[in-house]
Amino acid sequence: METKKKKIMGAVKFQYFFLFILFGQCLNAQKKNENYISFKSAKEVGSYFAYKADNSVLVSAHRGGREPGFPENSIENFQHVLEYMPAFFEIDPRLTKDSVIVLMHDATLDRTTDMSGKLADYTWAELQSVRLKDNKGNVTSAKIPTLEDVIVWSKGKTVINLDKKDVPPHMIVALIKKHKAEKHVMATVHTGAQARYYSDHLPGIMLSVFCRNEKEYEDILICGVPWKNMIAYVGPTIDESNKRIVENLRAKGVRCMVSYAPTHDTLNAMEERQDAYKKDMEKRPDIIESDFPLEIWSILKK
């Protein structure tokens, strides 16, 4: 009888130990997920990205971010950023020789990988041995990801914004439809015609539209895509050249995005970048795109 009682007590203790471990894992998972963003409907997506006149600022990681030690356009870098802050990611789809969509900003492999030559000259199988470099040129263990892998990975975590490179729009549409990813994938468009194409084939999808000048603004104005489905890229900063456009867009509920990638991000010293960021933030952009989202976030938190 005593032996049987000990066995029962041992089983109970094991169950409590198992529940304790499971509870701890749940807490860790919750901690890891606190910066994730996800949406149940297109309406929620639109509400998240809509201009609200509340001085809130969203952060977009240009090329998926180029944080120290991590390659751009890599899942490893996306995950690293999300461990510290909420963000969405502007990424660069390109085609391999055998028409697999992968992430690569440049048309060539030289700058960002340990291989050289044109990406379009290699098949997906031939790229399996290629490794990505970080922003200092150091080779990492990270591999070139496919867009499909990134779409699957990003669901429930973040929004990815697909820049326009060499992938035909119908291939992008097909992949988004395949994974029913309209609620966590948006597309960058340079013209009203491009905006209309995506809106017609993926009703309700968010678009990042170019509105840097009057010509681009008018082109988007007449394309017929609902303003609630847009954010607008207005240039590297907000100044007198685009001030009226920004006012018009905000009046329609559209957040205005600036990109520091071609300007402040190119400064070598972090202190210089931080000073430049702070000065430009006084112009009150609604979305900031940067190669260094964690540096932007460190300022916004203060």
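This is a predicted model: local features need pLDDT of at least 70, side-chain atom pairs count only at pLDDT 80 or more; totals for chains, interfaces and linings use all residues.
The residues that line the largest pocket divide into 5 nonpolar, 4 polar and 7 charged. The lining is made up of 16 residues, and the closest to the pocket centre are N135, D265, L267, R273 and F292.

The second largest pocket has a volume of about 200 Å³. It is also lined by 16 residues, with H62, E90, D163, F210 and E289 closest to its centre. Two or more lining residues come from each of two strands, β7 (207-210) and β9 (256-259). By class, the lining of the second largest pocket holds 3 nonpolar, 7 polar and 6 charged residues.

Rolling a probe the size of a water molecule over the atoms shows where empty space is left. The structure holds 1 cavity of 30 Å³ or more. The largest cavity contains about 40 Å³ of space. Its lining consists of P71, E72, N73, L103, M104, H105, T112, L132 and K133. Of these residues, 4 are nonpolar, 3 are polar and 2 are charged.

The chain as a whole gives the setting. Its secondary structure comes to 10 helices and 10 strands. Of its 302 residues, 47% are buried. Among contacts with a separation of 6 or more, 61% join residues 24 or more positions apart. The chain exposes about 15500 Å², and carbon and sulfur atoms supply 55% of that area.

Aromatic rings form 9 pairs. In one of them, F49 and F88 have ring centres 5.2 Å apart. The planes of F49 and F88 meet at 85°, so this pair is edge-to-face, a class that needs an angle over 60 degrees. The pair links distant parts of the chain: F49 lies in helix α2 (residues 42-49) and F88 in strand β2 (residues 88-91), 39 residues apart. F49 counts as buried because its relative accessibility is 1%, under the 20% cut-off. F88 is buried too, with a relative accessible area of 1%. A second aromatic pair joins F78 and F89. Here the centres are 4.9 Å apart and the planes stand at 45°, a tilted arrangement. F78 sits in helix α3 and F89 in strand β2, 11 residues apart, and this pair also links distant parts of the chain. Both F78 and F89 are buried. Ring pairs also link F39, Y48, F49 and F88 into a cluster.

Helix α10 (residues 293-300) has buried residues at P293, L294, E295, I296 and I299. An α-helix has 3.6 residues a turn, so residues three or four places apart point the same way. The buried residues of α10 pack against β1, α3, α9 (270-281) and β10 (287-290).

Two backbone positions deserve mention. R63 is not a glycine, yet it has a positive phi of about 55°. R63 is found in the loop between β1 (58-61) and α3 (75-82). Its relative accessibility is 15%, so R63 counts as buried. S99 is likewise not a glycine and has a positive phi of about 65°. This residue is found in the loop between β3 (93-95) and β4 (101-103). S99 counts as partly exposed because its relative accessibility is 43%, a value that falls between the cut-offs of 20% and 50%.

Definitions and conventions: Residues are numbered from 1 along each chain as its sequence is written. Side-chain values use heavy atoms; hydrogens and water are left out. On a 1 Å grid over the protein atoms alone, a cavity is a set of points where a 1.4 Å probe fits but cannot get out, and a pocket is an open set with protein on both sides within 12 Å along at least five of seven lines; lining residues have an atom within 4 Å of a point. Grid points are joined across faces, edges and corners, and a volume is the space filled by probe spheres set on the points. Ala, Val, Leu, Ile, Met, Phe, Trp, Tyr, Cys and Pro count as nonpolar, Asp, Glu, Lys and Arg as charged, and the others, Gly among them, as polar. Helices (H or I, at least four residues) and strands (E, at least two) are DSSP runs, numbered from the N terminus. Buried means under 20% relative accessible area, exposed over 50%, partly exposed in between (1.4 Å probe, protein chains only). Contact means heavy atoms within 4.5 Å. Accessible areas come from the Shrake-Rupley method with a 1.4 Å probe; for residues, only the protein chains shown count as cover. Rings of Phe, Tyr and Trp (its six-membered ring) pair if their centres lie within 6.5 Å; planes under 30 degrees apart count as stacked, over 60 as edge-to-face and the rest as tilted.
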